[in-house]
Amino acid sequence: MLLRYKKAFEKISMGLLSFMPQEKDVKKLLETIHQYETDPNWHLFLWKREEDLVGIVGVRMQDSNGIIQHISVNPSHRGEGIGKEMIQNLPSILHTTSIQPSDDTKSFFEKCQMENEEE
Ligand SMILES: CC(C)(COP(=O)(O)OP(=O)(O)OC[C@H]1O[C@@H](n2cnc3c(N)ncnc32)[C@H](O)[C@@H]1OP(=O)(O)O)[C@@H](O)C(=O)NCCC(=O)NCCS
């Protein structure tokens, strides 16, 4: 289940976002979280599995297109389909069918698309 970010999720969100290669620096990470908290076009969601928050996905809305800027899953839960499931759940929570990747999320996004085409 995707949950919308709230301040109580700040620490876990920073932990999950830090797995993105461009978010290794703490200063950059704080700026990123701040923008998700304040910019109305930036939306951050966490994936809850049982009682744990195990994944994160961050989207910037540009017109009615959702651009996935961040996607990350706790290393202990990778390979269980959570990353793909987060992408599949974005259209309903963002109310748009136009979901695209940024350069930073492109390789995983395209892998998910290829799998969808094979199904
Ligand atoms: C990318 C990430 C979110 C995938 O999450 P996940 O829950 O493990 O993904 P799923 O279980 O839905 O899919 C797993 C598949 O994606 C593949 N995959 C993982 N990272 C990938 C990447 N960066 N590019 C393309 N494919 C990737 C895995 O090899 C696996 O392939 P397989 O099913 O053929 O074995 C996770 O690996 C992660 O947090 N990585 C670090 C953060 C990051 O680099 N994010 C940007 C990715 S472009």
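A: Helix H3 (residues 82-94) and helix H4 (residues 106-118) have axes that come within 10 Å and cross at roughly 80 degrees, so H3 and H4 are roughly perpendicular to each other (angles of 65 to 115 degrees count as roughly perpendicular, under 35 as roughly parallel, over 145 as roughly antiparallel and the rest as oblique). On the H3 side, the contact is made by Gly83, Lys84, Ile87 and Gln88, and on the H4 side by Phe108, Phe109, Cys112, Glu115 and Asn116; contact means heavy atoms within 4.5 Å. These residues divide into 4 nonpolar, 3 polar and 2 charged (Ala, Val, Leu, Ile, Met, Phe, Trp, Tyr, Cys and Pro count as nonpolar, Asp, Glu, Lys and Arg as charged, and the others, Gly among them, as polar).

A word on the background: this is a predicted model, where local features need pLDDT of at least 70 and side-chain atom pairs count only at pLDDT 80 or more, while totals for chains, interfaces and linings use all residues. Residues are numbered from 1 along each chain as its sequence is written, and side-chain values use heavy atoms, with hydrogens and water left out. Helices (H or I, at least four residues) and strands (E, at least two) are DSSP runs, numbered from the N terminus. Axes are lines fitted to C-alpha atoms, for helices over the stretch in contact, and angles run from 0 to 180 degrees between N-to-C directions.

Now for the sheet. Its 5 strands form an open sheet in the order S1-S2-S3-S4-S5, with mixed pairing. Strand S1 (2-4) and strand S5 (99-101) are the edges, each pairing on one side only (two strands pair if DSSP finds at least two bridges between them). S1 runs antiparallel to strand S2 (residues 42-49), joined by 3 bridges, and Arg4 has Phe45 as its bridge partner in S2. Helix H2 packs on this sheet, where H2 touches S2, strand S3 (52-62) and strand S4 (65-73), and the direction of H2 makes about 100 degrees with that of S2. H4 packs on the sheet too, touching S4 and S5, and its direction makes about 130 degrees with that of S5.

H2 (residues 26-38) also has a helix partner: helix H1 (residues 10-17) packs with H2 at an angle of about 125 degrees, their axes 10 Å apart. H1 and H2 are therefore oblique to each other. Their contact is made by Glu10, Ser13, Met14 and Leu17 of H1, together with Leu29, Leu30, Thr32, Ile33 and Glu37 of H2. By class, that contact has 5 nonpolar, 2 polar and 2 charged residues.
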